[in-house]
Amino acid sequence: MTDTPEPKKFTPLSRVLHWLTAALVFAALLIGFVMVNTISGHGALVMVHKSLGALILLLMVVRVVNRLTHHPPAWPPTIGALEGKVVVLSENLLYTLLLLQPLVGWAMLSAAGGPVVVFGALRLPRIAPFDAQVFWILRQTHSVIAYTLMVVIAAHISAVLWHTFALRDRLIERMTFAMGRKR
Amino acid sequence: MAHTPGRRDLLRGAAAVGAFLAVDVAGLLAAFNWIGPSRLTPQAFLDAFNNAFGRHPGFRTNHAKGVPVAGWFDSNGNGAELSTAAVFAPGRTPVLGRFSAAGGNPQTADAPATGRGLGLTFGFPGGEQWRTAMLNLPVFPDDSPQSMYDRLVATAVVPGTGRPDPAAMTRFYASHPPAARAMTIIKQHPATPGFADSIFSGLNAFYFVSRSGVRTPVRWKLIPLQQALPPSSGPDALFDPLVRQLRAGPLRWRLVLTVGTRDDPTNDATLPWPADRRTVDAGLLTLNSVDTEATGNARDINFDPLVLPIGIEPSDDPLLSARSAVYAASYRRRTGENTL
């Protein structure tokens, strides 16, 4: 059991980008769900949420470039052919949704007539015409993507936990730093 | 090859995944206010409005009856002493707005005592736009979102009777002294004959930020420069004369900024500031066109009080955040109803 070899790791840059995205997306989703269901502190939460969205958009552009220029390390043999197909599909879905979600938020605020303010004072240009119907469609889309992200990210984390704790293939160590090297 | 997992391994995996999913779902349910300490939500406000005024799809949840207007603001430059906002530099800024009657019924019959609203957006849809929703009241009736919510609950129509329970309102004022004090002040300022001669006040305090970074508490109001046509008869006794007056010529108000001091309350819009506070005449608002509610005009603008230009910042008044949250929920709901 303990002779399971350490899997090949992602590049340090890929690992940093992954965990940075994880933290920002976790915060943006949680704050997003809280802010539409609260009245006290709503204004401040919306400001933080929009700023997180802008950071995630920037980060995702870097990640797409990084992903296209760096092939990830090979999977451990515990990931079979069928599971591999699901992994590829869910990775593509995550990249697409994480890139799309901030853009939909930005367009949605634009369609409501703006302004689009991030980091407290930075005014972004509007990227959609003032149109209440367009606003509503984008607003619904923003929620649908948020729920889909919750499901896909939960599946992603569950799969890694299952591999790490049930199959004991040290899958998580592809993405960890020094702390994973003990065993 | 990796080993075949035993029963203990499978249990370990199931426990790890189960624990993660439990935390994940619990976090989501707490965010949705389904578990954990309960709090006031925008949805609760929408429901309370609907219980008091009925459900009217496609209209604003509050201030449902209204007319879009347009015009401009001529700044005289005096406001620039207090705020760097572009709207206070000398010059003209286009304005879109909406006169409205308080309450959630778009077919309500006009009554003199019904609150009159004026929502304005300066410089729409630019990045430095300023939105404000004002009332013809000297102070805001409630000091907190909870008080506003409790008032709505007390206004709810009692099933079977078709009207609210008068005793509920008495109980509300007895248990909310700030609201009772505000009502006393409001009663000392009876409404004018019409919209055109109404003073509209922002009521909530904001901070104006000057070029040198000085933050000054400010409240603003619009002082009318004309008489109103007398009320007509019928359900539109106030809106009819307003529309006729706007079609006959422009209506004007002076935008007056009241400059607060460090001692003036900024977090409680039921409390008037002392009458001797300095005021700054910032310029002239002219409204010269009126429209019926339609796609693409003020019907589709959310007069969110937190849409502010650089140079104006929100105060610590909890009503600002609450209004922003409830307006957003209402805007989402009615834009959907107007789309489907």
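Helix H4 (residues 132-165) of chain A and helix H1 (residues 7-31) of chain B bring their axes within 8 Å of each other, crossing at roughly 155 degrees. Because the angle is over 145 degrees, H4(A) counts as roughly antiparallel to H1(B). The model is a predicted one.

**H4(A) against H1(B)**

- The crossing in which H4(A) passes H1(B) is right-handed.
- On the H4(A) side, the residues that meet H1(B) are A:Met150, A:Ala154, A:Ile157, A:Ser158, A:Leu161, A:Trp162 and A:Phe165.
- On the H1(B) side, they meet B:Arg12, B:Gly13, B:Ala16, B:Val17, B:Phe20, B:Leu21, B:Asp24 and B:Leu28.
- By class, the residues of this contact of H4(A) with H1(B) are 11 nonpolar, 2 polar and 2 charged.

**B:Gly13 in H1(B)**

- B:Gly13 lies in helix H1 of chain B.
- B:Gly13 has 20 other C-beta atoms within 10 Å, and it is classed as buried because the cut-off is 20 or more.
- With neighbours within four places in sequence left aside, B:Gly13 is in contact with A:Leu161, A:Trp162, A:Phe165 and A:Ala166.

**H4(A) against H7(B)**

- H4(A) also approaches helix H7 (residues 318-339) of chain B, with axes that come within 9 Å and cross at roughly 110 degrees.
- That angle falls in the range 65 to 115 degrees, so H4(A) is roughly perpendicular to H7(B).
- H4(A) passes H7(B) in a left-handed crossing.
- A:Ala132, A:Gln133, A:Phe135, A:Trp136 and A:Arg139 are the H4(A) residues in this contact, and they meet B:Arg332, B:Thr335, B:Gly336, B:Asn338 and B:Thr339 in H7(B).
- The contact of H4(A) with H7(B) divides into 3 nonpolar, 5 polar and 2 charged residues.

**Contact between the chains**

- Chain A gives 39 residues to the contact, and chain B gives 47 residues.
- On the side of chain A that touches chain B, two or more residues come from each of helix H1 (12-35), helix H2 (42-69) and H4 of chain A.
- H4(A) supplies the largest share of that side, 12 residues.
- The side of chain A that touches chain B holds 22 nonpolar, 12 polar and 5 charged residues.

**Strand E6(B) and its partners**

- Strand E6 (residues 206-209) of chain B pairs with strand E7 (residues 215-224) of chain B in the antiparallel sense, over 4 bridges.
- Within this pairing, B:Phe208 has B:Thr216 in E7(B) as its bridge partner.
- E6(B) and E7(B) form a hairpin with 5 residues between them, and B:Gly213 in the turn has a positive phi of about 85 degrees.
- E6(B) also pairs in the antiparallel sense with strand E10 (residues 312-314) of chain B, over 3 bridges.
- B:Tyr207 stands opposite B:Glu313 in E10(B).

**Make-up of chain A**

- Chain A has 4 helices and 2 strands, which follow the pattern α-α-α-β-β-α along the sequence.
- Taken along the principal axes, the C-alpha atoms of chain A fill a box of roughly 60 × 30 × 30 Å.
- Of the 183 residues in chain A, 30% are buried.
- Contacts between residues at least 6 apart in sequence in chain A join residues at least 24 apart in 68% of cases.

Terms used: Residues numbered from 1 in each chain as written. Chains lettered and ligands numbered in written order. Predicted model: local features only at pLDDT ≥ 70, side-chain atom pairs only at ≥ 80, totals over all residues. Axes fitted to C-alpha atoms, helices over the stretch in contact; angles between N-to-C directions. Parallel < 35°, antiparallel > 145°, perpendicular 65-115°, else oblique. Left-handed = near helix turned anticlockwise from the far one by under 90°. Contact = placed C-beta atoms within 7 Å. Nonpolar A, V, L, I, M, F, W, Y, C, P; charged D, E, K, R; others polar. Pairing = 2+ DSSP bridges. Buried ≥ 20, exposed ≤ 12 C-beta atoms within 10 Å, placed from the backbone.
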